[in-house]
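Please keep the structure in view while reading.

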Amino acid sequence: MADSTNYNKNRLAQESSPYLLQHADNPVHWHPWGEEAFEKARREDKPVLVSIGYATCHWCHVMAHESFEDDEIASLMNEVFVNIKVDREERPDIDNTYMLVCQMLTGSGGWPLNVFLTPDKEPFYAATYIPRQGRHGRPGMRELIPWISQLWKNEREKVTSSSQQIIDAFQKSTTFESGERLTGDTIKMAVKQYKEQYDETYGGFSISPKFPSPHNLMLLLRYAEQLGDDTSLEMVEQTLTKMRRGGIFDHVGLGFHRYSTDREWLVPHFEKMLYDQAMLMFAYTEAWEKTNKKLFKNTADEIAHYLKRKMQDRKGGFYSAEDADSEGEEGKFYVWTIDQVRAVLPTAEAELAIEVYNLTEEGNYKDEATGQRTGKNILHLSSSITELAYERDMSPTQLQEVLESIRQKLLDARQKRVPPLLDDKILTDWNGLVMAALAKSGGTFSNEGYIKQAENCWEFINTNMITDDGLKHRYRNGEIAINAHADDYAFLIWGLIELYETTYKTEYLRKAVSLNKQFIEQFWDTEDGGFYFTSENSEKLLGRKKEVYDGAMPSSNSVAMLNLLRLGRLTGNARWEEMADQCNKLFSSDIEKALTSFGFALQSVAFTSAYSKEVIIVGDKSHSTTRRMLGELNSRFLPNTVVLLKEPKNDSINKLASFAKDFEMKDGEPTAYVCQNYSCELPVNSTKEMVELLNQ
């Protein structure tokens, strides 16, 4: 055991990040990111190791256990480096910058991300997971640390040269050359590529690993709607169905795990991310709007149930994630042996669960190290509830009721296990996504509970995260910190737009407009267009990046483009539509090189290339006809339509959308105006006539 005084030089104990606190007892002399650490590196003439991860990252845990908790490795690290720990979810600006460096140097990225810097924050080497001891051609910490030490002491010119080449390549990679405007033809080409990548047996768009990527499904739904393309719709339905039946869905606690490690959606990487719940809830809700399939509504409801049970703080905000590991083992909390199921359930229910959820004595979950079956099972369905009920001479409703009883008993038993870590920090950007999803589902399903959850979330953000200094990124245990990034603005504005188009409370639209103005002022590139990820006042690293690639989450620019279009139409602000068009052309060349990597960005192209509509409802919100009109609009799949409500006794909407003053009730009754291509049809007083105009 190392001398306990070693631990006193670890500076993480006073941090708020759950990830940094996980490392507060390491023998490594960790510093949080800050000038103090870099000044120490300059003073002692040492390179800096920046290790980036997050609290629910499995391989971060593995590397921590192998190396950062090991006295020998820690001693080497302390001797050679100034060591910095970064939570990527708190500081996505740092992560985005050095992840791009890692991808340029190694051809891939991931977490943990380990970057070696000069004291001036200039990178010269990068890697993801590094084992303690070298294996399979991958150098380990025992070999890497002495090599970097020797390089730093004896070959400094190589370090300097390498850093400069990396910085030059980084800055070149962050510039965009405007191209031709993306059009409906671009989406056709993207859909063609999705069809080529599609897994016809299991759904999804790769073999393995498989990520949910709900924004890709949302784009395909829009294409199916616009062109009546049945194949696109079938791809969406098959993928959403297979995911819901697979092990990527938690059949006991509900909600989705992060991704599937295999082709069949069976074996997940068990962590649960807030952003996945939000985006998938949105996709399942839109799929229900398009198809009216009960499974899709049920799944959206199940996600909402999980969010309320596990992820929502009593003050209204939502926590970030649940870990994959418990008791040092990935998935231990989630898997079941047959004996464990039989110990919890009455005999008849146990045998039904074993059959329906495909449990076997040898198990379907393999040990990570040996690859041997463990007798542990990931619950999953191999067919629909209707088919399973028919096989057992039951009605689907009967089977569903029994399975719900089974689920509750298994959940109660599972609650007694040692749970995975709950990362309880609250992030503005991810909460914006949840607001959007809950508001969307609440309006679609006429569920006041979901709407209230979304409103409570906004109230939390509005009260805690919007300060005199501007919007903030992170809250935990009463502490608000870190200036907002582009994601925070873009996702929060999206959430407010959805809240407005669900509740038609003018305040939500007013706040969306206000935040959008702030966002443009602080993040917009006035020369070339597009939004930088960091504000003009943020810490300068290697350069200001613009994010447009849609990975596990959509990018800030992708969401911002659609926000600009929707707010432009809602308020009559043509300048915002022009800015969206400028983004379209700025990013077009990059998007065309890898169309299926920009599933959300292309939704703004779908919005402008289709027959987008504006609907203005003039009438008192409490009037039955107004409510029917708004309810009809909320429950239909209308992705390229914006809806504005003008109440005759409240002219506040006129201040946000001056054109609204020209719209009045016809014959003293609630009235709908359906407009397209900046031209409005004659006003109508019935929901039926409004729908006919929408369908034209």
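Helices (H or I, at least four residues) and strands (E, at least two) are DSSP runs, numbered from the N terminus. The model is predicted, with local features needing pLDDT of at least 70, side-chain atom pairs counting only at pLDDT 80 or more, and totals for chains, interfaces and linings using all residues. Residues are numbered from 1 along each chain as its sequence is written, and side-chain values use heavy atoms, with hydrogens and water left out.

On a 1 Å grid over the protein atoms alone, a cavity is a set of points where a 1.4 Å probe fits but cannot get out, whereas a pocket is an open set with protein on both sides within 12 Å along at least five of seven lines; lining residues have an atom within 4 Å of a point.

The whole structure holds 5 cavities of 30 Å³ or more. Elements supplying at least two lining residues each include helix 9 (214-227), helix 17 (428-444), helix 21 (556-571) and strand 20 (641-646); helix 19 contributes the most, 4 residues.

The second largest cavity has a volume of about 90 Å³. Of its 13 lining residues, Asp250, His251, Tyr334, Ile378 and Leu379 lie nearest its centre.

Turning to the open sites, the second largest pocket has a volume of about 780 Å³. Among its 29 lining residues, Arg244, Leu295, Asn298, Ile385 and Gln400 lie nearest its centre. Helix 12 provides the largest share of this pocket's lining, 7 residues.

Notes. Points joined across faces, edges and corners; volume = space filled by probe spheres on them.
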